[in-house]
Structures are given as C-alpha cells and as structure tokens.
Amino acid sequence: MDFLAEAGQQIWQVLPLGPTGYGDSPYQSFSSLAGNPLLISPEQLMRDGFLGKADLDDKPDFPANKADFGAVIAWKHQLLRKAYENAIHGGSDEEHGALATFCHDNAHWLDDCALFMAIKETHNYAVWTEWEPDLAFRSQDAMEGARREHANAIGAIKFAQYIFFKQWSALRAHCAEQGVTLLGDIPIYVAHDSSDVWANRHMFQLDQHGNPTVVAGVPPDYFCDTGQLWGNPIYRWDYLADTGYAWWVERLRAVLRMVDLVRLDHFRGFEAYWEVPASDETAVNGRWVPGPREWIFDTFKYYFGEELPLLAEDLGFITPEVHALRERFGLSGMAVLQFGFGENAHDSAFPPHTYQQNLAAYTGTHDNDTTLGWWKSLQDDPESAGMRAYIQAYLDTNGQEFNWICIRALMASVAKIVVFPLQDILGIGSEGRMNYPGHANGNWTWRFLDGDIKPEIAARLHMLTELFGRTLPPPIEESAKEAENNAAECL
C-alpha cells in the first residue's frame, strides 16, 4: 500500500475479500459477508501475542511467485486454531470483550457462517446438498446438536473472522492516512456451496433437493465461444423485491464498512441476466431474463445517499437499456484498453479518444491477459497484423515498453479513474495472468515479491500521474478519522 502513496496513486482496487471456495476463486466464496482467513498476517498475530515466534518457524517452503492454496490453507488453518486456543486461555479481558462484542454485532451472518464451515470440515468439505438431510435442510434439532458438537470449531472460526476484520480495519485506516481510497468488489452472484444459500434457500431458485434449477452465466463472447457457465444459483428477485431488497442492502452495507467504493460485478445482470438450465453443460442455450433494474438502485439510494459509491462493471454484451440504467443513477462505467481496438478507427470498439469522463479505464482486468502478454499474442498471430499496425499507429509506438505506452495513453485520457493491474506496472507477461474465464482450475495464483516493486517504478508512475494532472492530494485528517470510525463499526 505504501508503494501506491509513494507513486502518487489515489485508488487501490482489490478483488472480493470473502473466503475462497471452488477453484480458489474470490467469486465463489463460502460466505458473501465473511473475510478470507488466508489474508490474515501470521506476523501480526505474533506481534499481538496470539502466536509465538516458534509457531512461525515451521513455515512450509512455499513457491515464491505463486500461491499454493492447498499448502497455505493447511498451514494457516493450524496457525489460526493455535492462535484461538492461546486467545481463549491466555488473552486479556479487553481482548475477550472485543471478541464477544464482534460476535454479538455480527451474529446475523456470523452464526450461520461459522456453523456452515464447521459442518463442512467434518464432511470433508462436501457440498452442503450431500450432507445428511437434517443438516442440509437445517432441522432445529440438527442445528442445536451441531452447535453443541462443533462448539470449539465454531469458536475458532468466529475468532478468525474477528482477527480478519481487526487486521483489515487497521489496513484501511492506514490507507486513509496515506490518502489512498479502497475500491472493493461485490460479485453479483453467490456460490451455491455457501452459507448464504444454505441458510437462505428461499431466496434462490432451487429444487426440492437444494440444487439450482437454473444457473448464471453469459452467452458466447470474446472469452469463450460456448459462453461462460458460472453455475451460481439465480436469485428469486420477486421475493427479494417483496423484502425491500433487505439482504442486498445488508450485503452492500457490510462491504462499505471495509472499502470506500464498490465495483458492482456484472452490472448488466441487474438490468437483464443470462439464465441457463442447470442441466446444460454450456451457456449456449440460455435466455435473457429481466433483472431488478431501477428498483434495487432506488433502494440503494434510500439507504446510501443520492451519490451511490458504486462503479458499474458494464463490460460484455451491453444494450442501450444497460447504459440507460447506469446513467440514470450516475454510476461510472468501465473501459478496457485491450477491448478498444480493431484494424482501424471504424472497427475499434472503445479506444481512449472516445472515452467520457464518468468512466474507469483499465489497461486490463483480472480476466484479461497482461498487457505484455496480450501484445505478444498479437505479434504471434498472423491474422492480427492489421490490428497490430493500427495499435502501433494509434499509440505512436514501435512496441518497446508497450505496457508503459498503454499506461500513458490511459493517463492522458479524460476518464475520471484509470486503473492498472500491478502486472502491467511491473511489465510481466502471460505468466502473470490472474484468471482464464471458462477455466475452472489453475487461476488466481500469481503473486509478486517485495523486491519486484522498485523505487524507480514508483518514481516513473508518479511522474506520469503528475504530468497528466492526476496527482495525489495531501492526506486529509478527516478522511483518516472516518476510516477509523468505519473500522470500529467492523469490530
């Protein structure tokens, strides 16, 4: 984070922060309101007295440049259990009180989440529809019995959530002190194998066995010629409307306690969503179904104010109705440089000179190849010669330092927000790609090392930021105080 302030950056965008589930994807979380325990710092646990130095000495030899989720999960799981035992038996009265307050204030989601994860542990992490029926369908006797049987595991899971939010709140306050705004992310859908669906089956289109009858996805597109079949259950939007979208309001409120702005994933799904029969193997045979449209955003305005702190991810197949919905509520849209070019100006979909101010422009997103990886793919593809020539003419480049050429082009645009994946700032090729849409495994593993971020990179980014009038204003004491207040609300 300090690198961002040093480089004059005002926004740090992060992926969804929930506990990752299937495929280690942050978009397939076990809970939409929980934090990811894998992000907890063991070193901070040691500084806070929950662990001793010896507890960290047996750290596995993790790979340097990618996340080995299986090994990390096993190691951090036992560390967090040990920290919990130490906290329960040796923590201060003040710490015990803070934990109790956190559990009480978050009981509306934490109780279900902790019970769900404790039961999953004893079922070898099987999908909840494969549990015994009385557990899967939450009979009162089964729930009471499970709470007694798994009391220690439930306590440890709640403790891990307390620690996550404590550490994240401190990080958010530090960001505010440095003048850096946090831009978070809300996936439009939740995972079927989640405490959200298990505890709220009535909100989703499920059959009598708890399985989805229809699932979410998108039709064939740039990323996949058979579409993307995400597999998430689809909401019963009629029921949510009857409840005043209360579940969604609480979800957005919870995320805004953690970040300052929120990217609404798959915004077009609020206008109309692609519904696919659950039995299909691809997303080809889906259909467009009307979403909640303006009614849910009117509700958000009632609770969160006229200027909604939302950024609309409006990429893909976008209709005039989607644009109208975004513009009606004054939300910034998105543009991705890699999607902007064809073989000439007439074939180019969204090049920088056509940008509007109320826009967030990206060199690429987590779903794209890195900028250098994308450029190399164009160089290696004979059929892309025309597009490559147009891009070189448009950007006035011979292709050298292509990542910085693209960064500069977006800096010079009128887009209100410009965002660059760290891989593009570091000049990393396809080996740094974060996600391949349509591929269930092998994603989300890229990580950088401290030594990768050099002072000269920060200086260069800062120079471009100043050159194009995007400099970071001095930290505002009130903003830091507001972040501290939000941090207190988290706990």
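**Strands and overall build of a predicted model**

User: In this predicted model, which residue in E11 does Ala360 stand opposite?

Analyst: The model is a predicted one, and the place to look is the pairing of strand E10, residues 359-362, with E11, where three bridges join the two strands and they run parallel. Within this pairing, the residue of E11 that stands opposite Ala360 is Ile417.

User: In what order do the three strands of the open sheet come, and which are the edge strands?

Analyst: The three strands form an open sheet with parallel pairing, in the order E9-E10-E11. An edge strand pairs on one side only, and this holds for E9 (333-336) and for E11 (417-419). Neighbouring strands here are turned against each other by 20 degrees on average, direction ignored. The order is thus E9-E10-E11, and the edge strands are E9 and E11.

User: How many helices and strands does the protein have, and why is it said to be as compact as a globular protein of its length?

Analyst: The secondary structure comes to 21 helices and 11 strands. The globule rule gives 23 Å for 491 residues, and the protein is as compact as a globular protein of that length because its radius of gyration is close to this value, at 23 Å.

User: What percentage of the 491 residues is buried?

Analyst: To count as buried, a residue must have under 20% relative accessible area. The protein as a whole exposes about 22600 Å², of which carbon and sulfur atoms supply 50%. Of the 491 residues, the buried share is 52%.

Note on methods: Residues numbered from 1 in each chain as written. Predicted model: local features only at pLDDT ≥ 70, side-chain atom pairs only at ≥ 80, totals over all residues. Heavy atoms only, no water. Pairing = 2+ DSSP bridges. Helix = DSSP H or I, 4+ residues; strand = E, 2+ residues; numbered from the N terminus. Axes fitted to C-alpha atoms, helices over the stretch in contact; angles between N-to-C directions. Rg over C-alpha atoms; globule rule 2.2 N^0.38 Å. Buried < 20%, exposed > 50% of the residue type's maximum accessible area, 1.4 Å probe, protein only. Areas by Shrake-Rupley, 256 points an atom, 1.4 Å probe, with all protein chains shown as cover.
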